[in-house]
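Please read these notes with the structure open beside you.

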Amino acid sequence: MAKTELKQLTDAQLLDRYAAGDEAAFRLIVNRYKDGLYSFLRQFLNRQDLVEDIFQETFLQLFNSRDSFDRNRPLRPWLFTIAANKAKDALRKWQRTSAIPIGSIADSQDLSFDEMLNTLTSDSTIPSEELEKNETALRVGRVIMNMPENLREILILAYFNKFSYKQMAEILSIPIGTVKSRLHTAVGRFSKDWKSSNGSKESK
């Protein structure tokens with residue numbers, strides 16, 4: 001089957017083809033989700049060595065579970081479930097011996113939470129290299145990185161990866177009501193930390 005024809009297949013069809021011996025089908029699945037998954041891990045972990053490890057381990061688990069995966073389930077939330085669980089485990093091990101410096105996280109502009117997120121998510125065609133150079137984006141990332149793990153995780157899933165409440169409930173193995181309340185708490189915490197960091201800069 002030609003590569004263009006493969007691209008038109010669903011995830012389940014690609015997994016079936018890979019199980020039948022078509023290695024190109026598995027490579028296409030990896031290419032389909034690698035950017036989003038890598039971005040999620042970078043935002044959540046903020047450590048390149050951990051990102052690389054968890055990224056590889058996630059697709060390795062997909063490779064090992066290709067025959068047992070439920071073809072009726074969407075693949076993307078399942079992949080993020082694997083990545084989130086592995087990332088949390090790795091982060092807990094690392095944080096036992098390390099601390100994340102808070103530093104000076106501020107911006108001279110008084111931006112709202114949604115405005116800051118729009119800076120990062122409004123134009124998906126912006127190359128990642130340019131996005132990384134965006135000062136506000138970097139500061140947003142630092143604020144998020146210093147939030148509690150459960151709040152950081154749900155914020156990244158909701159605003160940067162656009163998962164629905166139902167999908168986030170599946171990924172995190174929590175009820176939808178908990179997803180909503182936790183996301184509300186996360187947004188409030190982010191807004192508070194952002195304003196606090198602005199105040200710290202102005203007082204210097």
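1. A residue counts as buried when its relative accessible area is under 20%. The model discussed here is a predicted one. Val-30 has a relative accessibility of 19%, so Val-30 counts as buried.

2. Val-30 can be found in helix H3, which covers residues 23-45. Phe-63 is 33 residues away from Val-30 along the chain, and the C-alpha atoms of these two residues are 10.0 Å apart.

3. How do H9 and H10 pack? Helix H9 (residues 149-160) packs against helix H10 (residues 165-172) at an angle of about 140°, and their axes are 10 Å apart. Angles over 145 degrees count as roughly antiparallel, and 65 to 115 as roughly perpendicular; the angle here therefore makes H9 oblique to H10. The crossing of the two helices is right-handed.

4. On the H9 side, the contact is made by Glu-153, Ile-154, Leu-157 and Ala-158; on the H10 side, by Met-168, Ile-171 and Leu-172. Six of the residues in this contact are nonpolar, one is charged and none is polar.

5. The protein as a whole has 11 helices and zero strands. Of its 204 residues, 41% count as buried. The protein exposes about 11,400 Å², and carbon and sulfur atoms supply 48% of that area.

6. Sequence separation is the last point. Taking contacts in the protein between residues at least 6 apart in sequence, 65% join residues at least 24 apart.

Definitions and conventions:
Residues numbered from 1 in each chain as written. Predicted model: local features only at pLDDT ≥ 70, side-chain atom pairs only at ≥ 80, totals over all residues. Heavy atoms only, no water. Axes fitted to C-alpha atoms, helices over the stretch in contact; angles between N-to-C directions. Helix = DSSP H or I, 4+ residues; strand = E, 2+ residues; numbered from the N terminus. Parallel < 35°, antiparallel > 145°, perpendicular 65-115°, else oblique. Left-handed = near helix turned anticlockwise from the far one by under 90°. Contact = heavy atoms within 4.5 Å. Nonpolar A, V, L, I, M, F, W, Y, C, P; charged D, E, K, R; others polar. Buried < 20%, exposed > 50% of the residue type's maximum accessible area, 1.4 Å probe, protein only. Areas by Shrake-Rupley, 256 points an atom, 1.4 Å probe, with all protein chains shown as cover.
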